[in-house]
Amino acid sequence: MKQPSGKVTRSDVAKLAGTSVAVVSYVINNGPRPVAESTRQRVLDAIRLTGYRPNGVARALASGSTKTYGLIVPNIGNTFVASMAHVLLQASLDHGHVMLLGDAGDDRQRELELIHSLLNRQVDGLFYNSVDRHPYIDVIKASGTPFVMLDRVEPQPGVSMLRVDERQAAFQVTSHLLSHGYQQVGIISGPLDMLNAQDRIQGWREAMAAHAVPVDESLIFPASYTRQGGYEAAQRMLAGPGAPRALFASNEGQAIGAIRAFSERNIRVPQDVALVCFNGTDQSAFHVPTLTTVRQPLRDMARCAIAMLQNWNGEAQLQEFPHYLEIGESCGCMPHKENNATTI
């Protein structure tokens, strides 16, 4: 049979199959009425021969669902952000949704443009990790679109959030360094106006106080959450009057950047500077030296985020997750071959 020219419609499929447009719709949508197997096969054959593709927008308008989620991230180049995006994508596919990724590139104006773009596409929900501490929550709330914040923001009505206690995590990982007997522990923090950077600095302070070690304010080195940020922070640290014997980097990228800066000065980790970090990924186990890092249960968090959107009723939901310390070589410990993860 000759294929219809131009845009193929359901009428073309129905004509080729010798049936009605309604029956074609029943086959495509698997209902609501049953179709005889022989008729169904004729329709499927006609779809294949014509190359017909259902109009996804029309189906979305009819069903009230686009079967898409949106994800806004500050910078996909951040390995932790990329890891989170990956597990969210997989979890979305498991629930029959595709994921549209919006990478703001650390640009606040671009972040706003991406939010508007995804909302205009009628996504069924948004996952949102903001560039800074001023997320565009009101824009999303005004649209009525369900959303889940992936980073800490101030609690407010209608805002659901996934959270790891970053202050406690910073306390634990700094305490691990102090348990080695180090009397000076510096910190490469995130930008000081970010809530998660403030949490990590506070956890570092509390660990120092708990071990009766005086806090030296000059050992706080703010930096972007990037390898370049860690590299530059370590350079500033080494240019100062006295570099600390141990260091807490606030994310994996900063830790890797710092190690590069140390290597250029022939400073060894952990022999000369012991180092731990936060928000490690699978990459931490393949770095040389392997990194001692705080990990987050990303797969569990992704499943929970999906459930929050699916059960969204406009009320704020808060789900807190445990973290765990993965022991590597960078802190001076010898990693255990069989089990190198300690729940904390």
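This is a predicted model: local features need pLDDT of at least 70, side-chain atom pairs count only at pLDDT 80 or more; totals for chains, interfaces and linings use all residues.

Student: Okay, and which residue in β3 does I72 stand opposite?

Tutor: I72 stands opposite Y128 there.

Student: What order do the strands of the whole sheet come in?

Tutor: The order is β2-β1-β3-β4-β5-β11, so six strands make up an open sheet with parallel pairing.

Student: Which strands stand at the edges?

Tutor: β2 (98-103) and β11 (318-321) do. Each has a single partner strand, so one side of each has no neighbour in the sheet.

Student: And how much is the twist from one strand to the next?

Tutor: On average, 20°.

Student: Which strands does helix α6 touch?

Tutor: Helix α6 (residues 108-120) packs on the sheet and touches β1, β2 and β3. The direction of α6 makes about 175° with that of β1.

Student: What about α12, which strands does that one lie across?

Tutor: Helix α12 (residues 298-310) lies across β1, β3, β4 (147-149), β5 (160-164) and β11. Relative to β5, α12 runs at about 165°.

Student: Switching topic: how many aromatic pairs are there?

Tutor: The count comes to one aromatic pair. The rings belong to Y69 and F127, with centres 5.6 Å apart and planes at 75°, so the pair is edge-to-face.

Student: Why does that pair tie together parts that are apart in sequence?

Tutor: Because Y69 lies in strand β1 and F127 in strand β3, the pair links parts 58 residues apart in sequence.

Student: Nice. Now helices on helices: at what angle do α1 and α3 pack?

Tutor: Helix α1 (residues 10-17) and helix α3 (residues 37-50) pack at about 125°, and their axes are 8 Å apart. The two are therefore oblique to each other.

Student: Is the crossing of α1 and α3 left-handed or right-handed?

Tutor: Right-handed.

Student: Which residues meet there?

Tutor: From α1 you have V13, L16 and A17, and they meet R42, V43, A46, I47, L49 and T50 in α3. By class, that contact has seven nonpolar residues, one polar and one charged.

Student: What about α2, at roughly what angle does that helix cross α3?

Tutor: Helix α2 (residues 21-29) and α3 cross at roughly 85°, with axes that come within 10 Å. That makes α2 roughly perpendicular to α3.

Student: So which residues of α2 and α3 meet?

Tutor: On the α2 side, V23, V24, V27 and I28; on the α3 side, T39, R40, V43, L44 and I47. Those divide into seven nonpolar, one polar and one charged.

Student: Last one: how do α10 and α11 cross?

Tutor: The axes of α10 (residues 227-239) and α11 (residues 252-264) come within 6 Å, crossing at roughly 45°. That makes α10 oblique to α11, and the crossing is right-handed.

Student: Which residues make that contact?

Tutor: On α10, R227, G230, Y231, A234, Q235, M237 and L238. On α11, the contact is made by G253, Q254, I256, G257, A258, R260, A261, F262 and E264.

Student: And how do the residues of α10 and α11 split by class?

Tutor: That contact has eight nonpolar, five polar and three charged residues.

Note on methods:
Residues are numbered from 1 along each chain as its sequence is written. Side-chain values use heavy atoms; hydrogens and water are left out. Axes are lines fitted to C-alpha atoms, for helices over the stretch in contact, and angles run from 0 to 180 degrees between N-to-C directions. Helices (H or I, at least four residues) and strands (E, at least two) are DSSP runs, numbered from the N terminus. Angles under 35 degrees count as roughly parallel, over 145 as roughly antiparallel, 65 to 115 as roughly perpendicular and the rest as oblique. A crossing is left-handed if the near helix is turned anticlockwise from the far one by less than a right angle, and right-handed if clockwise. Contact means heavy atoms within 4.5 Å. Ala, Val, Leu, Ile, Met, Phe, Trp, Tyr, Cys and Pro count as nonpolar, Asp, Glu, Lys and Arg as charged, and the others, Gly among them, as polar. Two strands pair if DSSP finds at least two bridges between them. Rings of Phe, Tyr and Trp (its six-membered ring) pair if their centres lie within 6.5 Å; planes under 30 degrees apart count as stacked, over 60 as edge-to-face and the rest as tilted.
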